[in-house]
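Subject: Handing over the structure

Hi,

Here is the structure I promised you. Have a look at it first, and then read on for what turned up.

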Amino acid sequence: MIHGGDDGWTLVEDGFRVEENRAIEGLFTLGSGYLHVRGSLEEHFDDDPQDVSFTRTPANVTSEVFRATKAKWGAYVPGVFGNHPTLGNELIHLPCFVTILPCVDGGRIRADLSEYRVFRRTLHLDIATLRREVELANFDGTPVRICFERFVSAARPHLCVQRVSLEVQPGRLVHVQAGIDADVRTNGFDHLADVRFERTAEKALRCDLDTDGGTHVRIATELRAAGAFSLDTSGRRASLITQARSETSPLTLEKRTAVTTSRDLPNRDAGDFLTDAADLTFDQLHAEHAAVWRQRWQDCDVEIEGDADSQIAIRTAIYHLLRCHVDDPRVAIDGKGYSGDAYWGRFFWDTEMLLLPFYLYSDPRKARTLADFRVQSLPGAMRNAKRYGYAGARYAWESDAAGDECCPNWQYADHEVHVTADVAYGLAHCAAATSDADYLSGPAGNVLIETARYWVQRIDWTQAPESATRTPVLLGVMGPDEYTPISSNNAYTNRMVAFALDQAARTAERSPSRAFAVSAEEIAAWRDVAARLPIPRHPRRPELVLQCDEFLSLAEPDFDRRWKDRSRTFASQVSQERLYRSKCLKQADVLMLMALFPNEFSDQQVRAAWDYYLPYTTHDSSLSPGVHALIACRLGLLDEAWRFWRQACAIDLDTQHGGASEGVHIANCGAIWQMAIFGFAGLRSALQRDIPTLSPRLPQQCYGTERPRPGTSSPNPLTMYSTPSAPSTIPIRRVSTLMPVLPRNRPIGKASRNTIHAENPIVTISATNTAVCSMLRACSPHRMMVLIVPGPASIGVARGTIAMSSRDDASLSSSGVMRADLGRARTMSSAMSRNSTPPITRKLGTRIENSISRNPPNASEPSMTSVVAIAERRAARFRSAAVQVLVSDRNNGAAPIGFRATNSVRSCLSVTASSGISFAHRLRSRAG
């Protein structure tokens with residue numbers, strides 16, 4: 001069983017248990033985006049060969065039983081696919097190149113047979129490094145200590161670097177074998193059509209192979225160690241072997257391996273990557289790799305105080321999200337995050353719904369690459385539509401790199417069509433979160449147009465006997481709940497299709513006249529269907545949204561009688577026939593709809609859906625806990641939210657019950673991040689609010705009891721109030737992911753997009769919270785924002801960075817830093833209703849805009865003192881109002897100053913500055 005290290009950055013396995021090894025291999029996967037390697041032991045197991053051929057047939061993955069083995073090797077390059085005889089096009093498992101077999105005095109070291117005094121395997125999440133330390137007794141009782149280290153370089157993505165250090169008694173005979181094993185199978189099938197080895201130097205080896213998918217792969221490895229080496233080849237295995245008496249300790253061997261394929265752009269030889277690194281030591285290579293990872297964490301870490309288990313869970317999730325992103329729009333992220341082949345390396349709706357948001361709000365450049373996969377695979381989607389007899393584009397339920405449908409199960413491939421609308425939702429989300437309105441006017445717009453053309457042909461029309469009006473309907477579909485296979489008017493699918501059609505119509509209308517060949521008649525048809533697609537309701541309870549038209553007529557599942565073992569999925573204990581005719585949900589369906597469109601459903605409607613569907617939900621899917629946690633946060637069911645949070649955190653970390661044996665559940669990693677940021681921290685997405693809005697909801701298990709520090713009027717740094725009298729430590733400490741890093745030196749869009757609306761309860765931010773710098777980078781060099789919150793600290797924005805001060809005054813200096821004092825904040829009064837927003841925005845904003853419009857940019861501008869004076873007078877009318885001030889350059893189309901009243905505490909602000917508005921122009925000119 002693994003546990004988190006004391007530093008909050010390590011996953012540790014103390015002691016070896018063979019029955020958990022596969023789960024830890026998957027969990028400890030290393031990767032650079034381009035190359036991914038499971039955390040398999042270097043010495044392997046003699047009695048667990050990886051070349052066993054078997055037939056894996058299509059099945060319901062929630063009830064499938066996988067082969068029981070001690071280990072599961074895995075080396076993957078995204079995009080290298082081959083055709084499996086029963087499963088379709090799948091990601092190919094490449095030869096294993098991490099093999100290092102140490103022997104001392106003829107005694108083979110093997111994890112499941114050796115008696116260890118120490119066995120510790122550690123994944124360092126912050127620097128993406130795997131380290132294993134073992135100590136065991138030699139046959140005569142003398143100690144043998146070995147340290148294995150491994151990383152896949154983030155600085156050199158084609159390169160994997162290993163080092164082994166052995167400490168033994170002088171005079172011992174040490175034997176080490178290191179090589180490449182190409183005798184591997186992928187889901188029981190051999191995709192390697194031709195394998196060739198060549199010794200390129202005394203301590204270097206090369207493997208060339210051709211896959212049945214037409215890809216050429218080259219693996220070059222070289223060893224760095226003292227002594228002579230001999231070559232041993234056997235079938236599709238080749239090793240370099242050295243043997244010597246130990247004179248000094250420790251003995252060190254370094255192994256460097258580079259991988260290239262014929263898909264690479266640009267195409268280089270694997271040996272070139274080894275040559276490039278030839279003059280660098282292991283420590284130097286590791287230092288540059290670690291530096292890249294530390295920079296990644298600067299922009300996306302989430303700190304959770306007071307709960308070590310939650311802290312290590314969210315960092316593990318983020319680690320895998322960072323690791324598996326491929327900087328190549330020709331591929332996306334497969335269902336196992338390139339840590340296993342159980343999901344065949346294919347791309348699902350997870351891409352848009354669970355994965356894309358993390359990248360949108362931490363690194364928009366990576367989000368764009370992920371979204372562009374759907375753009376470049378549009379031809380495959382059009383082939384899929386044509387195969388089914390439709391025009392336009394129909395995205396595959398299980399897509400390969402070309403976008404073709406690879407799903408061997410007819411019920412999913414034929415009926416889970418909502419993925420096509422999910423793609424449109426993802427593209428729209430990408431455009432909204434990055435404020436890039438032009439994104440949908442280019443090639444991404446073609447996706448919206450072609451999918452809309454598919455939808456209007458996929459729609460059927462019904463007409464009631466007593467009516468002359470025809471109604472559009474979607475028949476024969478499967479929603480997110482895969483236990484209801486062929487249904488009519490699935491609420492989730494209908495709403496997503498309406499969204500996709502509306503986006504297509506908007507895109508066609510906004511674009512230049514000849515950008516898309518779309519007629520006015522087409523646009524009218526899209527709008528008509530979008531407006532009239534029904535959302536089913538209960539006939540006697542209109543507040544209850546039905547999952548589909550037939551749901552009420554399905555049989556009761558009788559869980560108490562049929563689901564005896566709750567540690568196993570429901571689907572594994574009943575027949576598929578019974579599954580498909582019962583009211584049993586694999587995962588959230590209507591609740592998923594409500595999580596994506598929260599503004600369209602009242603709390604009463606959401607609660608009705610929660611109460612009705614939760615008892616029917618099996619949570620057999622790893623995607624289910626995350627959605628339920630988001631809904632529970634909205635409804636204030638914080639104990640339930642906490643329960644689902646813990647359940648989601650355990651999906652991969654529970655190595656005793658399988659965990660990541662077949663690979664990490666990468667969509668659940670995205671869900672864990674969303675639970676923290678969209679659930680507990682309460683960020684509303686860019687598709688849900690024009691103004692990024694925080695509405696934190698903290699479960700009681702997170703509450704702390706910290707009190708104000710002596711001499712201050714506010715609690716300790718980063719505290720949150722759930723009620724006026726109950727302070728609690730905020731669990732989401734580092735909030736750098738809350739705002740995207742937008743492009744520099746270009747218009748951003750609406751000025752309101754650069755403010756944050758913090759709903760009750762409030763977050764106080766202290767001067768020590770440097771992560772807020774990243775959170776507010778959305779303020780580009782020609783904009784400035786001041787976020788006014790209660791507490792002794794303040795925030796000012798200049799050139800995309802934050803300056804914080806607890807001074808008793810505020811000034812706008814020539815260096816471009818705004819400082820404001822909030823030390824006079826009063827004690828917290830009763831909070832306003834979440835839905836009650838003071839009318840300060842309209843009145844105050846109008847007055848300031850009128851004031852500015854009378855002054856040209858280079859003329860005398862209204863002073864910040866007068867601006868704040870107006871704000872104070874307006875804010876004083878409300879018991880719990882604070883003001884957010886945005887100063888921006890009006891020449892880019894944004895409102896010159898925007899104000900937003902927030903449900904915060906009553907506060908006083910004193911600012912002395914003389915040229916607040918022209919400050920924006922100075923920033924812009926300095927930025928070039």
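How many bridges pair strand β6 with strand β7, and in which sense, parallel or antiparallel? There are four bridges between β6 (residues 81-84) and β7 (residues 88-91), and the pairing is antiparallel. If you want a residue to start from, go to F81, which sits opposite L91 in β7. The two strands make a hairpin, with three residues separating β6 from β7. Before you go further, please keep in mind that this is a predicted model.

Next, the sheet. Five strands build an open sheet, and reading across it the order is β9-β8-β14-β19-β18, with antiparallel pairing. At the edges you will find β9 (107-108) and β18 (230-234), each of which has pairing on one side only.

Now for the helices, where two pairs are worth a look.

On the α5 side, the contact uses D350, M353, L354, L355, P357 and F358. Facing them from α19 are I666, A667, G670, A671, W673, Q674 and F678. Sorted by class, the residues where α5 meets α19 are ten nonpolar, two polar and one charged.

The second pair is α6 (residues 364-376) with α9 (residues 418-433). Here the axes come within 10 Å, with a crossing angle of roughly 140°. Why call this pair oblique rather than roughly antiparallel? Roughly antiparallel applies to angles over 145 degrees, and α6 and α9 cross at roughly 140°, so the two helices are oblique to each other. The crossing of α6 with α9 is left-handed. R368, A371, R374 and V375 supply the α6 side of the contact, while V419, V423, L427 and C430 supply the α9 side. By class, the contact of α6 with α9 has six nonpolar residues, no polar ones and two charged ones.

Cheers

Terms used
Residues are numbered from 1 along each chain as its sequence is written. This is a predicted model: local features need pLDDT of at least 70, side-chain atom pairs count only at pLDDT 80 or more; totals for chains, interfaces and linings use all residues. Side-chain values use heavy atoms; hydrogens and water are left out. Contact means heavy atoms within 4.5 Å. Ala, Val, Leu, Ile, Met, Phe, Trp, Tyr, Cys and Pro count as nonpolar, Asp, Glu, Lys and Arg as charged, and the others, Gly among them, as polar. Two strands pair if DSSP finds at least two bridges between them. Axes are lines fitted to C-alpha atoms, for helices over the stretch in contact, and angles run from 0 to 180 degrees between N-to-C directions. Angles under 35 degrees count as roughly parallel, over 145 as roughly antiparallel, 65 to 115 as roughly perpendicular and the rest as oblique. A crossing is left-handed if the near helix is turned anticlockwise from the far one by less than a right angle, and right-handed if clockwise.
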